[in-house]
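Grab your viewer and work through a few side-chain exercises. Try each one yourself before you read the solution.

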Amino acid sequence: MKVSNVPFKGTPEQEQQLLKVIDELKGEKGCLMPIMQHAQEIYGYLPYQVQKIISDGTGFPMEKVYGVATFYAQFSMSPKGEHEISVCLGTACYVKGAGDIFDKCVEELKIGDGECTPDGKFSLDSCRCVGACGLAPVVIVGGDVYGKMTADKIPEVLAKYM
């Protein structure tokens with residue numbers, strides 16, 4: 001199991017919220033997905049510790065909880081950073097160099113796809129299309145859209161958020 005490089009900072013209040021959700025839903029057929037969705041709303045992601053609470057509280061084996069968490073794209077096992085970076089790897093962006101841009105982000109941030117920097121400042125995700133093909137290649141940092149990007153512009157863009 002891949003463990004996040006960001007220390008888990010769950011609170012007793014969050015755990016109580018999750019246990020309440022588990023208690024309310026655990027008897028229902030198909031309850032695992034809704035419980036996991038609530039857990040991600042509470043914590044922002046589904047680290048090992050949260051998956052363990054779900055497993056213990058519902059009786060579902062840890063492998064089942066982990067399997068659902070890794071199968072569905074809506075679930076994240078790493079927290080999102082203060083500045084969420086999305087690099088579009090859709091066809092138009094990819095053809096115009098988005099792969100190199102993504103690689104430059106990985107190099108600069110020293111994290112991979114779906115990960116967060118240890119200081120919690122940045123998270124990095126690839127995505128398939130942001131609907132701005134005319135601006136390809138596109139990088140989004142928070143709500144800021146950067147079109148016609150190149151790999152050599154990445155350090156300058158990241159510096160704005162340091």
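A salt bridge here is a side-chain nitrogen of Lys or Arg within 4 Å of a carboxyl oxygen of Asp or Glu. We're working on a predicted model, where local features need pLDDT of at least 70, side-chain atom pairs count only at pLDDT 80 or more, and totals for chains, interfaces and linings use all residues. Residues are numbered from 1 along each chain as its sequence is written, and side-chain values use heavy atoms, with hydrogens and water left out.

**Exercise 1.** Find the salt bridge of lysine 80 and work out which parts it ties together.

Step one: the partner is aspartate 125, with the closest N and O atoms 2.9 Å apart. Step two: lysine 80 sits in the loop between helix H4 (62-71) and strand S1 (83-88), while aspartate 125 belongs to strand S3 (residues 122-127), so the contact ties together parts 45 residues apart in sequence. (Helices, H or I with at least four residues, and strands, E with at least two, are DSSP runs numbered from the N terminus.) Step three, accessibility: buried means under 20% relative accessible area, exposed over 50%, and partly exposed in between, using a 1.4 Å probe and protein chains only. Lysine 80 is partly exposed at 34%, and aspartate 125 is buried at 18%.

**Exercise 2.** Look at the salt bridge between lysine 20 and glutamate 24, and say how the two residues are placed in helix H1.

Start with the distance: the closest N and O atoms are 4.0 Å apart. Next, the placement: the two residues are four apart in helix H1 (residues 12-25), which puts about one helical turn between them. Lastly, lysine 20 is exposed, at 55% relative accessibility.

**Exercise 3.** Classify the ring pair of phenylalanine 8 and tyrosine 43, then that of phenylalanine 71 and tyrosine 72.

First, the rules: rings of Phe, Tyr and Trp (its six-membered ring) pair if their centres lie within 6.5 Å; planes under 30 degrees apart are stacked, over 60 edge-to-face, and the rest tilted. The structure has two aromatic pairs. For phenylalanine 8 and tyrosine 43, the centres are 5.8 Å apart and the planes at 35°, so call it tilted. Phenylalanine 8 is in the segment before H1 and tyrosine 43 in helix H2 (residues 32-43), so this pair ties together parts 35 residues apart in sequence. Tyrosine 43 is buried at 10%. For phenylalanine 71 and tyrosine 72, the centres are 4.9 Å apart and the planes at 85°, so it's edge-to-face. Phenylalanine 71 is exposed at 64%, and tyrosine 72 is partly exposed at 35%.
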